[in-house]
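Hello, and welcome to a short tour in questions and answers. Take a look at the sequence and the model first, then follow along.

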Amino acid sequence: MVCIAILNWNGCDDTSACLESLLKGTYGDYFIIVGDNGSEDGSLDRLYAAFGNEETGMSGNKAITAYVRDRCGQKTRIHRTKLGEETYPEVHAKDIILYDLKENNGFSKANNLMVRFGAHYRPDCFLLLNNDTVAESDFLEKLVRFGALYPEYKVLTPLILYFRDRKTVWNGGGRIRWGFRKYHYKDQDISQVREQDFIPCSFITGCCMLFTPDVLTEDGRIFTEKFFYGEEDFELALRLKRQKTGMACVTGSVIYHKVGASVSRHPSETGPVYIHYLNRLIDVRDHMGRISYPFYKAVLCATLAMYLHKAFRMPLTRIAGFIRTLLRDASSLDCVPKDYCLRIFRDGVPD
């Protein structure tokens, strides 16, 4: 059985569309965990109301179970539970568990919490899926079949196309070389994809990722929790590359991504840029040799300087201050936690 973990944050409509596409799938041996990351739009109640009827089971702080409306000739159950008061209802194929995570834990920690919860059921593999995606009916069947035929590839992704341009590739996995990432077929027409079966990868996006339980860390995590905002899939790729874990994009499996739908907006335009580069420097520093890292740092900062000038018309004096602060923080910090990120997003980059 596959445990599908979908993270929701103020995205009830997208999550509903994602669930609808999954329930129409040709592969039925799965259950779904929808983790809600402290939404303020009533997502859990709205999802429960949209999908559930005929309430059964327990109430109060215990699991609440209802039957999903008839889809594809069968009835599925929907359950509710919450972090710190977890109940583990018996699950059957295509069941949905709404898991209240109570607050915004960030992408990495929230996915880790869902994976740990799902591990209670001992699934054969896990699938992390962005809520702002919709899937072809056979995408999961093709991923599972490929994994059975090629068990040396422990982390898989489908070919991810743009939702609003369904002939153009958004992501087909990628390669990491010397701390830099290059995507396969980024923004190219799907007809340009040469590989009929799969593309070997050393990077797979967290947007959609099927993996076996033996990829998890000893304490049951898939992602590092050093970074509150982004970087989790890049760190995972560096870690798995070091472990020589096989990864692949299965080109016959297809989903569509509403790129940007789940991205939040911040008062500081350059705040997310700063956090991205800070994450990257800390991440690569911890995985790269001490001799190579200074050269990598110089190349990255030169690239950043050109980007800041082109994207924000930033004068050279401000660029120099931006990079000076970045290097200072990258040398002194071991992680980039939630409170630090939120302060940068709110107040901008300190002088």
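Q: Is Arg122 buried or exposed?
A: This is a predicted model, in which local features need pLDDT of at least 70 and side-chain atom pairs count only at pLDDT 80 or more, while totals for chains, interfaces and linings use all residues. Residues are numbered from 1 along each chain as its sequence is written, and side-chain values use heavy atoms, with hydrogens and water left out. Buried means under 20% relative accessible area, exposed over 50%, and partly exposed in between (1.4 Å probe, protein chains only). Arg122 has a relative accessible area of 75%, so Arg122 is exposed.

Q: Is Tyr185 buried or exposed?
A: Tyr185 also shows a positive phi, of about 60 degrees, although Tyr185 is not a glycine. You will find Tyr185 in the loop between strand 12 (180-183) and strand 13 (198-201). Its relative accessibility is 8%, so Tyr185 counts as buried.

Q: Why is helix 1 called oblique to helix 2?
A: Two packed helices are described by the angle between their axes and the distance between the axes. Axes are lines fitted to C-alpha atoms, for helices over the stretch in contact, and angles run from 0 to 180 degrees between N-to-C directions. Helix 1 (residues 12-23) and helix 2 (residues 43-51) have axes 10 Å apart and pack at an angle of about 40 degrees. Angles under 35 degrees count as roughly parallel, over 145 as roughly antiparallel, 65 to 115 as roughly perpendicular and the rest as oblique, which makes helix 1 oblique to helix 2.

Q: Which residues of helix 2 meet helix 1?
A: Contact here means heavy atoms within 4.5 Å. On the helix 1 side are Cys12, Asp13, Thr15, Ser16, Leu19, Glu20 and Leu23. Their partners in helix 2 are Ser43, Arg46, Leu47 and Phe51.

Q: Which residues is Ser43 in contact with, leaving aside its neighbours within four places in sequence?
A: Ser43 lies in helix 2. With a relative accessible area of 1%, Ser43 is buried. The residues in contact with Ser43 are Asn8, Asn10, Gly11, Cys12 and Asp36.

Q: Is the crossing of helix 7 and helix 8 left-handed or right-handed?
A: Helix 7 (residues 292-312) and helix 8 (residues 316-332) have axes that come within 10 Å and cross at roughly 140 degrees. A crossing is left-handed if the near helix is turned anticlockwise from the far one by less than a right angle, and right-handed if clockwise. Helix 7 passes helix 8 in a crossing that is right-handed.

Q: How many salt bridges does a search of the whole structure find?
A: Side chains of opposite charge can pair when their charged atoms come close. A salt bridge is a side-chain nitrogen of Lys or Arg within 4 Å of a carboxyl oxygen of Asp or Glu. Asp219 and Arg221 meet in one of them (3.1 Å, N to O). Searching the whole structure gives a total of 17.

Q: How many residues apart in sequence are the parts that Lys226 and Asp286 tie together?
A: The closest N and O atoms in the salt bridge of Lys226 with Asp286 are 2.4 Å apart. Lys226 lies in the loop between strand 14 (208-211) and helix 5 (232-242), and Asp286 in helix 6 (residues 271-287), so the pair ties together parts whose separation in sequence is 60 residues.

Q: Is Asp329 buried or exposed?
A: The side chains of Asp329 and Arg328 meet in a salt bridge (3.4 Å, N to O). Arg328 has a relative accessible area of 42% and is partly exposed. For Asp329 the relative accessible area is 8%, so Asp329 is buried.

Notes. Helices (H or I, at least four residues) and strands (E, at least two) are DSSP runs, numbered from the N terminus.
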